[in-house]
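The tour moves from one selection to the next.

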Amino acid sequence: MKAKIESHQTLLHNIYQEGWSKGDVEFSKGVISGHIYLFSVGKNAHSMAKSIEANTRVHIKDGNLISSQPSDLSLSMIQQFQAAHPYPTLDSLSASLELVNLAKKIPIGETVVFCISGVASSLICIPAKGIEIEELAET
C-alpha cells in the first residue's frame, strides 16, 4: 500500500512540476487505469480533463468540469460548467451543486480522480446555511 501511495504522490508531483505531458507517461504505466469518475476544477480544468480523457488506459464513466474560461472543447462523458472568478456567483453555486450531486451518486469502491488548479476556490463554493452567495462574495 505504501508503494502505491508513493507512486500516486510521484504522479501528482510530476504533473504539478512538469505539466500533463509527464503525467500522461505515468498514466500509461498503469498508475491509474480502468473506469474512473473525473472532476476537473480551475483555470486549467479543460487541459487536465482532456489529457486524462486522451489516455487509452482510462475510461471515464462520468464527470464534471468547472472553469472560469469558456471552451468549445468536446469531452465525451464530462458535463462542463462555467463559473465566476474572482468572486463566486450563482453560476458557481449551481456548478458546485451539480458536482456534489454527481459525487453522491458514485458507488463505494469506484475510482475518483479530482483535478484542481488555480482559482478553484471561487468556482466551487457552497455557502453555509444562512449565508447568501452574494454575502460570501463580499467577504
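**Stop 1: Ser67**

Select Ser67, found in strand 2 (residues 58–67); helices (H or I, at least four residues) and strands (E, at least two) are DSSP runs, numbered from the N terminus. This is a predicted model, in which local features need pLDDT of at least 70, side-chain atom pairs count only at pLDDT 80 or more, and totals for chains, interfaces and linings use all residues. Residues are numbered from 1 along each chain as its sequence is written, and side-chain values use heavy atoms, with hydrogens and water left out.

Is Ser67 buried or exposed? Its relative accessibility is 0%, so Ser67 counts as buried; buried means under 20% relative accessible area, exposed over 50%, and partly exposed in between (1.4 Å probe, protein chains only). Now show what surrounds Ser67: beyond its neighbours within four places in sequence, its contacts are Gly42, Lys43, Ala45, His46, Phe81, Gln82, Ala83 and Leu123. Contact here means heavy atoms within 4.5 Å.

**Stop 2: Lys43**

From that list, pick Lys43, which lies in the loop between strand 1 and helix 3. With a relative accessible area of 48%, Lys43 is partly exposed. Apart from neighbours within four places in sequence, Lys43 is in contact with Ser67, Ser117, Gly118 and Val119. Draw a C-alpha to C-alpha distance from Lys43 to Val119: the two are 6.3 Å apart in space and 76 residues apart in sequence.

**Stop 3**

Two strands count as paired if DSSP finds at least two bridges between them. Leu38 stands opposite Val113 in strand 4.

How many residues of strand 1 are buried? The count is 6 of the 8, so strand 1 is largely enclosed by the rest of the structure. Gly34, in strand 1, is partly exposed, with a relative accessible area of 32%. Not counting residues up to four places away in sequence, Gly34 touches Arg57, Val58 and His59.

**Stop 4: helices across the sheet**

**Stop 5: salt bridges**

A search of the whole structure finds 2 salt bridges, each defined as a side-chain nitrogen of Lys or Arg within 4 Å of a carboxyl oxygen of Asp or Glu. Select Lys50 and Glu53, whose closest N and O atoms are 3.5 Å apart. They are 3 residues apart in helix 3, which means a separation of about one helical turn.

Next select Glu110 and Lys61, with their closest N and O atoms 3.1 Å apart. Glu110 lies in the loop between helix 4 and strand 4 and Lys61 in strand 2, so this pair ties together parts that are 49 residues apart in sequence. Glu110 is partly exposed at 29% relative accessibility, and Lys61 is partly exposed at 29%.

**Stop 6: the surface**

Switch to a surface view and select Val112, Phe114 and Ile116, which make a nonpolar surface patch of about 270 Å². Patches are made of residues with over 30% relative accessible area and no salt bridge, joining like charges within 9 Å and nonpolar side chains (Val, Leu, Ile, Met, Phe, Trp, Tyr) within 5 Å. Accessible areas come from the Shrake-Rupley method with a 1.4 Å probe; for residues, only the protein chains shown count as cover. Ile116, in strand 4 (residues 111–116), is exposed, with a relative accessible area of 56%.
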